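Let's look at how strands line up side by side in a protein model. Have the sequence and the 3D view ready, and follow along.

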Amino acid sequence: MAKGLQGFSWTMLLLLCAIQELGTWAMHTAMEDPGLGQPADPALLAGGRVKRGWVWNQFFVVEEYTGTEPLYVGKIHSDSDEGDGSIKYTISGEGAGTIFLIDEITGDIHATERLDREQKTFYTLRAQARDRQTDQLLEPESEFIIKVQDINDSEPRFLEGPYIGSVAELSPVGTSVMQVMASDADDPTYGSSARVVYSMLEGEQHFTVDSKTGVIRTAVADLDRETQDRYEVVIRATDMAGQLGGLSGSTTVTIVITDVNDNPPRFPQKMYQFSIVETAPVGTAIGRVKAEDSDVGENTDMMYQVKDEEGVEMFRVTTDSNTQEAIIMVQKPLDYESKRVHTVVVEALNKFVDPRFVDLGTFRDQTIVRVSVLDVDEPPEFRPTSHLMEVQEDAHVGSVVGVVTALDPDTANHPVRYAIDRSTDTERIFDIDANTGAIVIGKVLDRETAGWHNITVLAMEADNHSQVSRASLRIRILDVNDNPPELATPYEAAVCEDAKPGQLIQTISVVDRDEPQSGHRFYFTLAPEANNHFSLLDVQDNTAAVHTQRMGFNRQEQDVYLLPILVVDSGPPALSSTGTLTIRICSCDSDGAIQSCNSTAYVVSATLSPGALIALLVCVLILVVLVLLILTLKRHHKSHLTSEDDEDMRDNVIKYNDEGGGEQDTEAYDMSALRSLYDFSEIKGGDGGGGLGEGPLCGNPASELHALPQWVQSPDLDFSVFRDYICRKVEQADEDLSVPPYDSFQTYAFEGLDSPVPSLSSINTWSSSSEQDFSYLGGWGPRFRQLAALYAGRRGEEDGEES
């Protein structure tokens, strides 16, 4: 009964919806749809005749139907249907035959499946009315829509989570933190199913949420990051505008409290103590102090400074950017004897101050740093640290140049000893008194050789030479007039034979190695022995002019004049020297151009520079090397041609190191060819036969001939060809001293004494072949069968010859 009532309620709902839309559909159908989808004829409508057409409407079906019976959707009906069942109704399109079924006779449409508007909001179908007998369309096919009507079956969901927001600490009440939004899949145009409101389930003590927009705001003004740096609040979203029965969803929002500079720096201690030796160089770090700050990030960046005047003078403070520590460093040299303890006031302050929190108090703090100076044994100190002394260059050896002074800064005030660093005075020009520090001259001085001397003086404690200090000493050598003036160059001048009196020949200048403070002043005059053919005029600017004093010169009488010139400086004392001006008499053309001097053409004297001389020597050396190289190549080429023309017996020597394979291996060689190469019978000792054994080779002194293998060879072999070849090679070797000798020495190893088989070698056999019997070789077995046959055959040939 319950199920029947539930199905009835759905049917009634659909019918009510259909009735609601009926009026609008009827007018639309009357104007546009005489059949189905075809416009009506206004004239026919005006005449009062109504054309047959569909009687139906747009249909609605509620989603999420849970009944057991198919859900009635609506009914399609044609006004031509007289109720006799002659018309068959069919539908096609989305869900036709599966989701939606139609009664062919009545035109009733039912939904057989549970629908979800969130998945599909409407279905488009087409309706047909056909004659049941002929299956012909009675009305044109028309399209209609079945809309899925929404119910509140989807809860709001937060799709963008997880949510993380942030807000600065100490923010005023109502400061916006972030916004959250929930999405509802229900139809927002139908009812309140998709109308969402927000509320806070957790965290309402510190934050609020706007019910309509979902904006989260601060509820208090005393949020402190140092107390709690994050909060987690739970936000709920409810549909149906929050009414009873609405669905809801929730999410967790993490709110991070960001830092502001609301905490000043504070030193953990009010006093710090450090110690450092007095010899620490400037810039040495004494120690580190750090002020604590509860803030984070850039709000903890510090600046440190020295506040008191004494500390500013002796120390300076820098900030370590990584650790935010203050580094206290030495600003000036420390002295234990002057002051043993220094007090420094160090102040820390934030680099970035937020003006909103200035009223919270001063954002700086101070501490006291006590620096104790430790005494060390220091080397003596020069006073002053550098010295400048002057001495005349004519000062005698042993004269005192000046005195350097050094004192021991320690309280003990040890006596000081002095010395000179000889690496700065290798020539030992100066000495120093070890006790007084007096600098004395050790060698004769010469300003023109060295005008300045830079030496280093050492001062050390008398009982501890490891404590050494150094000072630079500059000694200037003052000039005295000890060098006479000299002509600048060996002057040479030329004058024409037809020169007239008063003609300028040469301008003379001089040089002086001295450097008087008032400057040079030179005086010129001709020496008493000078002739009267020339005159000298002092120009008063340290130069002089030489002029002719007679009319014309005769080159045949005298072609060269030597004019002595006396030069005197201004002293004191005044020094002088005599220089010579060489004047040559030359022939000139009508324009006064010199043609020739003496008997040859006038050529300006020139000398080769050292560079030119070196280049000339290098060229000569290269030519000599080329000549030697050509000679060596020619000789080498000649030697090569000679060695190619003649045979070299060394090229025909072949060495075999393999032992052989026994009698099977003899088939590859012609043993008779080997035996027929030489006739060794000619060289048997004591036979008196011809051949090599008859006498000395090539007429050389006779030498002892040793017995060779006793092979009997054919007597018609002639060794004269080899003898001539060897003699020719010996003569060539004797004549050419550059060719090494071709003599060779070969050593044959001794076989041994313990072999059970007698030696087969004939080298040590002095008897003739007729005296040996090789018949015993036949008893040595099959491996020596070939050797036995060989010697047996040779024995038969010898017997035949003897017979």
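## A pair of residues to start with

Gln-392 stands opposite Leu-478 in β32. The strands β25 and β32 (residues 464–478) pair in the parallel sense over 7 bridges. Here a strand is a DSSP run of E with at least two residues, numbered from the N terminus, and two strands pair if DSSP finds at least two bridges between them.

## About the model

This is a predicted model, in which local features need pLDDT of at least 70, side-chain atom pairs count only at pLDDT 80 or more, and totals for chains, interfaces and linings use all residues. Residues are numbered from 1 along each chain as its sequence is written, and side-chain values use heavy atoms, with hydrogens and water left out.

Strands of a sheet pair through backbone hydrogen bonds, either parallel or antiparallel. In the order β25-β32-β31-β28, 4 strands form an open sheet with mixed pairing. The edges are held by β25 (386–392) and β28 (416–420); each has a single partner strand, so one side of each is left without a neighbour in the sheet. On average, neighbouring strands of this sheet are turned by 30° against each other, direction ignored (axes are lines fitted to C-alpha atoms, and angles run from 0 to 180 degrees between N-to-C directions).

## The sheet of three strands

Now for another open sheet: its 3 strands follow the order β18-β21-β20, with antiparallel pairing. Because β18 (285–289) and β20 (315–320) stand at the edges with a single partner strand each, one side of each is left without a neighbour in the sheet. Neighbouring strands of this sheet are turned by 25° against each other on average, direction ignored.

What joins β18 to strand β21 (residues 325–330)? The two run antiparallel and are joined by 4 bridges. Val-289 has Ala-326 in β21 as its bridge partner.
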